[in-house]
Structures are given as C-alpha cells and as structure tokens.
Amino acid sequence: TIDLTAQVPGPENKVKVELLGRRLILKGGMGFQRTVKLPFEAILKELRYVNGILNARLEKKEASPPRSR
C-alpha cells in the first residue's frame, strides 16, 4: 500500500489523477502536472481532494495469471 499526499493547485473539477503502468500522473489548474514513479503497478483505492491537498491510497495490482495456449 502507498499513501500519497500532494499539494495540487486548482479547483476540484480541474484536478485529475491517472495511473499508467508504474506511473501516477497528477494534473491541476494553471498547467500543473507531476509524474510520480511507483515501485509497482497499482490500482487507486481511495482519493480525496480538500483545500488544495490531494490524498490517494494505492494498492499493488495483482499479477495476471499466465495464459494457457
């Protein structure tokens, strides 16, 4: 589990969070964008944005079982 806290500028409707592979991308108002490298692929379990502070809880994504041929 990863708990992340970040100050992100802009109103709530402008704040976006994306997970791409092992990267977490934070976007906010005024062209704000930051990318955080994660130690593993994750899924977003919880997200809160209050008064410019973003709190996110991420959990490790389960590995897909091997495919049969």
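**Salt bridges in the predicted model**

Asp3 and Arg57 pair up through their side chains in a salt bridge, with N to O at 2.6 Å (a salt bridge being a side-chain nitrogen of Lys or Arg within 4 Å of a carboxyl oxygen of Asp or Glu). Asp3 sits in strand β1 (residues 2-7) and Arg57 in strand β6 (residues 53-60), so this contact ties together parts that are 54 residues apart in sequence. Strands here are DSSP runs of E, at least two residues, numbered from the N terminus. Asp3 counts as exposed at 52% relative accessibility, while Arg57, at 34%, is partly exposed. The cut-offs are over 50% relative accessible area for exposed, under 20% for buried and in between for partly exposed, using a 1.4 Å probe and protein chains only.

This is a predicted model, where local features need pLDDT of at least 70, side-chain atom pairs count only at pLDDT 80 or more, and totals for chains, interfaces and linings use all residues. Residues are numbered from 1 along each chain as its sequence is written, and side-chain values use heavy atoms, with hydrogens and water left out.

In total, the structure has four salt bridges. Another of them joins the side chains of Glu41 and Lys61, at 3.8 Å from N to O. That pair also links distant parts of the chain, 20 residues apart: Glu41 is in the loop between β4 (33-37) and β5 (42-50), and Lys61 in the segment after β6. Glu41 is partly exposed at 38% relative accessible area, and Lys61 is partly exposed at 44%.

Then there is Arg48, which bridges to Glu46 with the closest N and O atoms 3.4 Å apart. Arg48 comes out as partly exposed at 45% relative accessibility, and Glu46 is partly exposed at 37%.

Technical notes
Helix = DSSP H or I, 4+ residues; strand = E, 2+ residues; numbered from the N terminus.
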